[in-house]
Amino acid sequence: MFVGASSPALQEPSWFGRGWPGTGMVQGMQSTDADAGPLITADGVTFRLHQPPPDLAAAWLFQEVAMPRGGWGLEPGRNGDPWELRFPRPPVDRMEYLVELLHSDGRTELIRDPANPLHAPGPFGDKSVIEFPEYRPPAWTAPAEVPAGEVEDLEIEVPSLGERQRTRIWSPHGTGPDQRLPLLVAHDGIEYAEFSGLVTLLERFTHRGALPPLRAALLHPMRRGDHYSASPAYADALAREILPSLARLAPSPPGRRWRVGMGASLGALAMLHLHRLHPPTLGGLFLQSGSFFHHRYDPHNLPFEEFLRIRRFMDRVHADRDWSHPVPVLITCGTVEENLANNRATSLVLARQGYPVRFVPSRDGHNWTAWRDLFDPHLVGFLKELWG
């Protein structure tokens, strides 16, 4: 059964304050012109906090491109000078960050940099961004006039889980509802569309013939931490209930070749898990920054209870000497990510088992813009090889 659904607006988290629209500044901090923002040099960045609140006790940079992720303290200035932190140049072309403030009464706040107008979106609010001179955004993100595709928001009943799967189906402009087209199935798909421009990419590349006509099924997580963490119940529901429903809503040619699974972080892990438990479901995997936790590379305990279930699954993947149902796989991961070692190892293990695998490193972290920046040429080329 399918129930029509609307897409609720994303809400900013409570720590976003008032001030310059969209910046997340706290009361008492004033925006400054661009010259007062971060100072970028060949060997690093100097972060500066101008006109801090009078009760500010400490401030730290919170980022994802160097260890430790937090704890980089800004030093108070003297005689009204700004608080500053000299941060060495990380091996990336861009970095996202927030500033954590500790007030004298013990309150803490995470804010965007008030002096930096550049920011990047995410499901928990925007972050400030540094773009180093080497960085170039993908050409396809520039404004362009192309016919918009058809978008349908709906919910799929999943009786085995007692849930409804929120789904957005995108089809190219002019596509008939019964036309059989290849299907890209994306975990966190609505977030991929909103924060990484996935639908924009598909519209532009299918319009100019760089991609064949295809559909995308954008899946929104029901219980992400549980379902995307190597859950057999979720994999079974995906294979036996959700994908068959999608076959009626978004018909594709017969055979698994015409369905490709896509996901990032836990969403990537869940696609690999689906493939290993139900090999006939997918004909290819495009996996970004997968949470492929393995005892050799991830001995620490992560703060959710499903961590051991993921490790047990990945330990089995590593232990298999061969695999009877390999499919093409492309894995991407940022070179500064904690997931880098387990992503490289997963690509080597799958290659040993007979998968056609490519591993693509990127000079960025674990974020939606980093994943977006690899769509062209990597996702585009991957889909063209399978469906072109």
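Select S362 first: setting aside neighbours within four places in sequence, S362 touches C333, G334, T335 and L374. Keep in mind as you look around that this is a predicted model.

Now widen the selection to residues 357-362. You are looking at strand β18, and S362 is part of this strand. Is S362 buried or exposed? Its relative accessibility is 9%, so S362 counts as buried, the cut-off being under 20%.

Zoom in on β3, residues 44-49, together with β6. The two run antiparallel and are joined by 6 bridges. To see one of the pairings, select T46 and then R86 in β6, which is the bridge partner of T46. In general, strands of a sheet pair through backbone hydrogen bonds.

For the last stop, colour the model by pLDDT. The protein averages a pLDDT of 89, and 90% of the residues score at least 70. Then select residues 1-32, where pLDDT stays under 50. The model has 75 contacts beyond four places in sequence for residues 1-32. Where pLDDT is low, predicted coordinates should not be read in detail.

Notes: Residues are numbered from 1 along each chain as its sequence is written. This is a predicted model: local features need pLDDT of at least 70, side-chain atom pairs count only at pLDDT 80 or more; totals for chains, interfaces and linings use all residues. Side-chain values use heavy atoms; hydrogens and water are left out. pLDDT is the predictor's confidence in each residue, from 0 to 100. Contact means heavy atoms within 4.5 Å. Two strands pair if DSSP finds at least two bridges between them. Helices (H or I, at least four residues) and strands (E, at least two) are DSSP runs, numbered from the N terminus. Buried means under 20% relative accessible area, exposed over 50%, partly exposed in between (1.4 Å probe, protein chains only).
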